[in-house]
Amino acid sequence: MSRKTADAVIVGGGIIGAAVGYHLAKAGFKVTLLEKKFPCAGSTGRCIGGIRAQFSHELTIKVMLLSIKLFQNFKEEVGDDIEWYAGGYLFLAFDEERKRSFLKAIEIQRQCGLDVAFVSADECARIVPGLNTEGLIGGAWCPTDGQANPFKVTFGYLKRMRDLGSKVYTETEVVGININKGRVVSVVTNRGDEFFAPVVLNAAGPWASEVGRMAGVSVPVTPDRHEALVTEAVERCLDPMLVDYRSDGCYFLQHYGTGHIIGCYTPVPLVPGYRLDSSDEFITEMPRRMIRLLPKLSSVKVLRQWAGSYEMSPDGNPICGRTSIEGYFVAAGMSGHGFMFGPAIGKLMAEMITTGKSTIDLSEFRLDRSFTKSEAMR
């Protein structure tokens, strides 16, 4: 067994691990990132790339406002074009209860400084030409939400990490975490290496619970299967992410650069467990739901479908911060929003690790909370 040292070891090569790793390296830390497969092999590489600040909790909104600013400035700071485009998000309301829910959230969002409004069905149709407005009451519209490329963001962070002297190990699975007298000491991998570090971050996405158990820490994250599809490229026909929260609804956007339409929905009932299998039901249902909202898509062909995991926390909010083990941190349970949270969570967790506190207080996301404050706009 070889023995190596680092200032911090990060478990997980998705957007969260990469973003924290970059900000730690930028702060002068010698970081080692361990990924059991390859970067973006988990949830990050299977998401559809939407980015929004429309949530119902003040802390989540503040984190996302920071994240959007970091997405906007990514090229200047990190050096890569991540295909950021502010096409907005339009959440559709087909009943009064949903409208009241959106209005309640909008009040909080505006207090945080978000440019958001509830607009009429006619205004929704102006924002999305060709939208089927049958039964539509209106929608929550934020023009500053957007989209970016999850692969380019993650690999951009990893490249800069390496440039700053840190290391990334792929095909390297963590199989043990050593604790001594209540503090983390080292991480052992399936390659027989032991990495000694005073800081270890669990950013293992769908496997966060498993990695937590290695340190004797309970991390309540459970994966649910979500499926997605992409169509052939077509002429520009959709600017924002379109979100329909009905039980048989869906959400989709058009990639700004390529013209492909990418979308998914949350299955009812949920499909628990880490599963990558695709279903006949999805490939039948998803096009039907998309065409119901936007009939002009009826002739557009689907290229492929895939599946991945939402790493769910009990209340649908992230789990970020310290644990009962000194030096052992967690940033997981992003509940389907890890890509969009990534830049801000990366910066804030790095601040917490290097200075003891973050510029936005993340204590509402702490591991030992009661998990009773559920996110309404999951």
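This is a predicted model: local features need pLDDT of at least 70, side-chain atom pairs count only at pLDDT 80 or more; totals for chains, interfaces and linings use all residues.
The phi of F371 is near 60°, and that is a positive value in a residue other than glycine. Most residues other than glycine have a negative phi, and most peptide bonds are trans. Is F371 buried or exposed? With a relative accessible area of 17%, F371 counts as buried, because the cut-off for that word is under 20%.

A second residue with a positive phi is K181, where the angle is near 55°, again in a residue other than glycine. K181 sits in the loop between β10, residues 174-180, and β11, residues 183-189. Here the relative accessible area is 83%, so K181 is exposed, the cut-off being over 50%.

While we are on the backbone, I would also point you to the peptide bond that joins V268 and P269, which is cis, with omega at about -5°. P269 belongs to the loop that runs between β17, residues 261-265, and α8, residues 280-293.

Let me turn now to the strands, and return to β10 and β11, which take part in an open sheet of four strands in the order β1-β12-β11-β10, with mixed pairing. Which strands form the edges of this sheet? They are β1, residues 2-5, and β10, each of which pairs on one side only. On average, and ignoring direction, neighbouring strands of this sheet are turned by 25° against each other. If you follow β1 to its partner β12, residues 193-196, you will find that the two pair in the parallel sense over four bridges, and that T5 has F196 as its bridge partner in β12.

Another parallel pair is made by β2, residues 8-11, and β3, residues 31-34, which are joined by four bridges; A8, for instance, has V31 as its bridge partner in β3. In a regular strand the side chains alternate between the two faces of the sheet. In β3, V31 and L33 point one way while T32 and L34 point the other way, and all of these residues are buried.

That brings me to the helices. Two packed helices are described by the angle between their axes and the distance between the axes. Helix α1, residues 15-26, packs against helix α6, residues 150-163, at an angle of about 30°, and their axes are 8 Å apart. Because angles under 35 degrees count as roughly parallel, α1 is described as roughly parallel to α6. The crossing of these two helices, α1 and α6, is left-handed. On the α1 side the contact is made by I15, A18, A19, G21, Y22, H23 and A25, and on the α6 side by V153, T154, Y157, L158, R160 and M161. Sorted by class, the contact of α1 with α6 has nine nonpolar, three polar and one charged residues.

Finally, consider helix α2, residues 58-72, and its packing against α9, where the angle is about 95° and the axes are 8 Å apart. Since 65 to 115 degrees counts as roughly perpendicular, that is how α2 stands to α9. From α2, the residues T60, V63, M64, L66, S67, L70 and F71 meet a set in α9 that includes F339, M340, F341 and P343. This contact of α2 with α9 has twelve nonpolar, three polar and one charged residues.

Conventions:
Residues are numbered from 1 along each chain as its sequence is written. Side-chain values use heavy atoms; hydrogens and water are left out. Axes are lines fitted to C-alpha atoms, for helices over the stretch in contact, and angles run from 0 to 180 degrees between N-to-C directions. Angles under 35 degrees count as roughly parallel, over 145 as roughly antiparallel, 65 to 115 as roughly perpendicular and the rest as oblique. A crossing is left-handed if the near helix is turned anticlockwise from the far one by less than a right angle, and right-handed if clockwise. Contact means heavy atoms within 4.5 Å. Ala, Val, Leu, Ile, Met, Phe, Trp, Tyr, Cys and Pro count as nonpolar, Asp, Glu, Lys and Arg as charged, and the others, Gly among them, as polar. Buried means under 20% relative accessible area, exposed over 50%, partly exposed in between (1.4 Å probe, protein chains only). Two strands pair if DSSP finds at least two bridges between them.
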